[in-house]
Amino acid sequence: MRVAIVGASGAVGQEFLRTLAERNFPIDELLLFGSPRSAGTTYNFRGKDITVQLLRHEPEDFRGVDIAFTSAGGGTAQEYAGDITKYGAVMIDNSSAFRMDPDVPLVVPECNAEDALQRPRGIIANPNCTTIMMVVALQALENLSHIKRVRVSSYQAASGAGAAAMQELFEQYRQVLAGDPVTVEKFAYQLAFNVIPQIDVFTDNGYTKEEMKMYNETKKIMHTDAAVSAMCVRVPSLRCHSEAVWIETERPITIEEARKAIAEGQGLQLMDEPAEKKYPMPLFLENCDDVYVGRIRKDLSDPCGLTFWLVSDQIKKGAALNAVQIAEWLLEHDPKFTKN
């Protein structure tokens, strides 16, 4: 098994390395690729030092690669996809480049793993982090009764804008407390001691691209006709996104049913003891694999409505882990791998 990581030096690329090691993913040879800035950097994986190679238009670099995890931005993904997949590598891409391409499956294994088998371009898209978290929880409830409507407000950590953004948040807090001028480069405004009701650029309908990602990706992943509306907000937490979700189902779902579905759901952890002040919070869930759900209650405005709160690590389940889980599923179910 030959595996490649493109964008190895980024926050998600580094999480790929940790996740592959933690889950003991079967790898005989690991190849790392990056930009001119990161080429030549060495990382240790399972006791072996591996040097990042320069990503270039040379398909031979990917000859014999079985799975390539890519997290180098949408433009790079589009530019190099042909080189990466030319000799049969399955490209699992973390960017937004291919998510809505009808010839590219958009996969969250807990919801639609089988979609990964139909990939005419050799590419599988990893969804947006906020979408991944939400649909894992939605799927458990969809199994009880079809979800007709979803409203979600996300509270997204600095990690969603990358490693440099996380460092900027640290620096902003230091600058504010020291009375120094505040550096603002990665966000529209100062994030420290603030919340920003904008993630990505605005579209013509008044929603941001991030909000439209949740709208479009949820429908594609879950193969649903559910009406979806999102509000995405950047908050000054470091890592782990949070979401407040309201759903309307075809029949009323009891609180007991919902809690049982979440507790038994794949990739989910129920953390819902409000009397004991036990509910998911981003401060305590860094590096956790699952989506944590709490504050489950009836929507007082809708007899078929439920509302709940969820938290998950944006870099892990929201990016690297989901991609690795796709690869794990392929190794067990895809004839390309099971026949070997």
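Phe284 is found in the loop between strand S12 (268–270) and strand S13 (291–298); helices (H or I, at least four residues) and strands (E, at least two) are DSSP runs, numbered from the N terminus. The model is a predicted one, in which local features need pLDDT of at least 70 and side-chain atom pairs count only at pLDDT 80 or more, while totals for chains, interfaces and linings use all residues. Residues are numbered from 1 along each chain as its sequence is written, and side-chain values use heavy atoms, with hydrogens and water left out.

Phe284 counts as exposed, at 55% relative accessibility. Here buried means under 20% relative accessible area, exposed means over 50%, and partly exposed lies in between (1.4 Å probe, protein chains only). Together with Met281 and Leu283, Phe284 makes a nonpolar surface patch of about 340 Å². Patches are made of residues with over 30% relative accessible area and no salt bridge; like charges are joined within 9 Å, and nonpolar side chains (Val, Leu, Ile, Met, Phe, Trp, Tyr) within 5 Å. The accessible areas come from the Shrake-Rupley method with a 1.4 Å probe, and for residues only the protein chains shown count as cover.

The charged pairs come next. Side chains of opposite charge can pair when their charged atoms come close. The structure holds 23 salt bridges, a salt bridge being a side-chain nitrogen of Lys or Arg within 4 Å of a carboxyl oxygen of Asp or Glu. In one of these, the side chains of Arg99 and Glu217 meet at 3.4 Å, N to O. This pair links distant parts of the chain, 118 residues apart: Arg99 is in the loop between strand S7 (90–93) and helix H3 (109–112), and Glu217 is in helix H6 (residues 209–222). Arg99 is buried, with a relative accessible area of 5%, and Glu217 is buried at 2% relative accessibility.

Another salt bridge joins Glu110 to Lys317, with the closest N and O atoms 3.0 Å apart. Because Glu110 lies in helix H3 and Lys317 in helix H8 (residues 316–333), the pair ties together parts that are 207 residues apart in sequence. Glu110 counts as buried at 12% relative accessibility, and Lys317 is buried with a relative accessible area of 1%.

Lys260 and Glu264 also form a salt bridge (3.1 Å, N to O). Both lie in helix H7 (residues 255–264), 4 residues apart, about one turn of the helix. Glu264 counts as exposed, at 58% relative accessibility. A network of salt bridges links Glu22, Arg23, Asp289, Lys316 and Glu328.

Helix H4 (residues 129–142) has 14 residues, which at 1.5 Å a residue should span 20 Å, and its end C-alpha atoms are 20 Å apart, in agreement; the expected span is 1.5 Å times one less than the number of residues. Of the 14 residues of H4, 13 are buried, so the helix is largely enclosed by the rest of the structure. Thr130 is found in this helix and is buried at 0% relative accessibility. Leaving aside neighbours within four places in sequence, Thr130 is in contact with residues including Ser154, Met214 and Glu243, where contact means heavy atoms within 4.5 Å.

Glu243 lies in strand S11 (residues 241–249) and counts as buried at 0% relative accessibility. Glu243 and Ser154 are 89 residues apart in sequence and 4.3 Å apart in space, C-alpha to C-alpha.
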